Amino acid sequence: MVGADLLVRNVHLATMVPGDAPYGAVRHGAVAVRDGRIVFAGPDRDLPSGVAAGAREMDGGGRWVTPGLVDCHTHLVFGGNRAAEFERRLSGATYEEIAREGGGILSTVAATRAASQEELVASAEARLLLLAGRGVTTVEIKSGYGLDPATELRMLRAARELGTRTGVRVRTTLLGAHALPEEYRGRRDDYVTLVAEEMVPEAARLGLADAVDAFCEGIAFSPDECARVFDAAVKAALPLRLHADQLSDQGGAALAARYGARSADHLEHASDDGVRAMAAARTAAVLLPGAAHFLRDAHVPPVEAFRRHGVPMAVATDLNPGSSPLLDPLGALSLACVVFRLTPEEALAGMTRVAAGVLGVEAGVLRPGAVADLVLWSVGHPAELAYWMGGSPAWRVVRAGSVIPPAQVAGGVEAS
Ligand code: DI6
Ligand code: FE
């Protein structure tokens with residue numbers, strides 16, 4: 001085999017390749033990288049001869065390596081924050097009441113419309129660097145706080161720029177159908193038409209959106225309205241996602257499945273029929289325990305049914321100012337286990353292999369051919385990634401074969 005550019009040795013691997021060993025674990029392993037892709041991941045003793053010649057060698061000091069984390073559902077570009085709304089909710093107001101009064105998402109819309117692209121990038125960059133320092137190498141970023149064509153496109157441009165500035169792989173999603181903007185009150189149909197006939201084709205034409213999402217909910221859009229947005233996305237050849245059955249059962253899971261969406265997300269109130277439809281359509285479930293926790297929702301998604309029917313489960317932060325101000329991917333793993341009762345292995349697969357599938361990126365596993373996004377963690381076992389609350393065990397991050405300088409890995413100082 002020809003020489004590698006980078007060779008990571010003296011590590012244990014959580015390859016996350018499905019198979020017999022939990023976590024796809026390989027003890028005493030090595031990873032070889034060439035031209036940004038993995039060319040070998042396996043036991044060190046099986047390293048092909050010639051690989052080491054000329055390679056930069058990294059001694060992992062007995063740490064664990066996982067694929068770079070993939071946070072496949074965030075709203076990390078936005079203006080302002082909603083700490084005051086948090087205080088109101090704690091004294092009794094509900095998320096839905098605040099939304100119906102014109103607060104909630106619409107208050108973030110006002111702050112986002114008032115922000116320039118530079119301001120949006122600057123505030124979001126600080127948040128993205130926190131995720132990156134905690135092992136995220138790919139992130140999905142949605143629009144949805146503009147709700148007019150110019151601001152939606154500005155959000156998507158800001159998201160693209162964040163990718164260029166930070167080096168984190170960014171996938172963008174147009175979420176024009178997130179809430180009904182004030183100026184369209186009483187004219188729902190006209191707004192859905194604006195999303196379907198203007199925002200979707202324009203975002204597609206400009207190459208600013210990698211997918212289209214909608215919020216199917218009593219306080220947002222009906223299944224029929226979401227279907228109109230989906231029809232436009234299909235026409236533009238963009239993959240589909242759906243905020244489905246988060247606060248009530250709207251039949252969102254079944255709608256997502258009917259359109260062959262990549263994922264249905266949230267799903268606290270999904271019905272058994274919805275789960276079956278998702279399984280048949282191979283639509284993944286994206287679980288967002290940060291939102292369920294922060295909204296104090298006693299409902300949990302039907303995890304046991306997803307397992308039984310073989311619906312792949314992804315886990316993401318849903319980072320947003322209203323329902324999940326969660327800047328910590330490992331925190332999402334912890335909540336997925338403690339609140340939703342995933343196993344640590346399921347949770348980690350949900351933020352690596354499964355999430356990569358949802359975004360259509362060739363990452364999320366350590367195997368030849370995959371993008372060489374790796375994280376070396378100062379832990380004694382991969383279950384610890386979902387176990388500690390707080391802390392920054394990420395020791396080194398490698399993105400597409402490039403070692404990120406430790407100073408850029410927030411908290412990249414050795415924990416042990
Ligand atoms: N569901 C959510 O949890 C976020 N969006 C959505 O459709 C919340 C967005 C917000 O409250 O700002
Ligand atoms: Fe969301």
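Is A279 buried, partly exposed or exposed? A279 is partly exposed, at a relative accessible area of 25%, where buried means under 20%, exposed over 50% and partly exposed in between, computed with a 1.4 Å probe on protein chains only. The views below come from a predicted model, in which local features need pLDDT of at least 70, side-chain atom pairs count only at pLDDT 80 or more, and totals for chains, interfaces and linings use all residues. Residues are numbered from 1 along each chain as its sequence is written, chains are lettered from A and ligands numbered from 1 in the order in which they are written, and side-chain values use heavy atoms, with hydrogens and water left out.

Figure 1. A279 belongs to helix 9 (residues 272-281); helices (H or I, at least four residues) and strands (E, at least two) are DSSP runs, numbered from the N terminus. Apart from neighbours within four places in sequence, A279 is in contact with H309 and V311, contact meaning heavy atoms within 4.5 Å. A separation of 8.4 Å lies between the C-alpha atoms of A279 and P312, which are 33 residues apart along the chain.

**Figure 2. The iron site.** The iron ion (ligand 2) is coordinated at 2.1 to 2.4 Å by H73 (NE2), H75 (NE2), H243 (NE2) and D318 (OD). Donors are N, O and S atoms within 2.8 Å of the metal (3.2 Å for Na, K and Ca); water is not among the atoms, so sites may look incomplete. The arrangement is irregular because the 4 donor atoms subtend angles of 81 to 169°. Four donors count as tetrahedral if all angles lie between 85 and 135 degrees; four count as square planar and six as octahedral if opposite donors are over 155 degrees apart and all others between 65 and 115; anything else is irregular. Along the sequence, the donor residues follow the spacing H-x1-H-x167-H-x74-D. H75 sits in the loop between strand 5 (69-71) and helix 1 (83-90), and H243 in strand 9 (residues 241-244), so the pair ties together parts that are 168 residues apart in sequence. H75 and H243 are both buried.

**Figure 3. The surroundings of ligand 1.** Ligand 1 is surrounded by 14 residues, of which the closest are R82, Y95, Y145, H178 and S323; a residue counts here if one of its heavy atoms lies within 4 Å. A nitrogen atom of ligand 1 is 2.8 Å from an N or O atom in the side chain of H178. For the side chain of Q246, the corresponding distance from a nitrogen atom of ligand 1 to an N or O atom is 3.0 Å. An oxygen atom of ligand 1 lies 2.6 Å from a polar side-chain atom of S323.

**Figure 4. Helix 7 and its cover.** Helix 7 (residues 223-235) has 13 residues, which at 1.5 Å a residue should span 18 Å; the end C-alpha atoms are 18 Å apart, in agreement. The expected span is 1.5 Å times one less than the number of residues. Buried residues of helix 7 are E225, C226, A227, V229, F230, A232 and A233. Their cover includes strand 7 (169-177), helix 6 (188-205), strand 8 (211-216), strand 9 and helix 8 (252-258). Just after helix 7, A237 takes a positive phi of about 60°.

Figure 5. Most residues other than glycine have a negative phi. N10 is partly exposed, with a relative accessible area of 41%. L147 also has a positive phi, near 60°, and lies in the loop between strand 6 (136-142) and helix 5 (149-166). L147 is buried, at 0% relative accessibility.

**Figure 6. Q117 and E161.** Q117 lies in helix 4 (residues 117-133). The side chains of Q117 and E161 are joined by a polar contact of 3.1 Å, that is, a pair of N or O atoms within 3.5 Å; within protein, one must be able to donate a hydrogen and the other to accept it, and residues adjacent in sequence count only if both atoms are side-chain atoms. Beyond four places in sequence, Q117 is in contact with R154, R157, A158 and E161.
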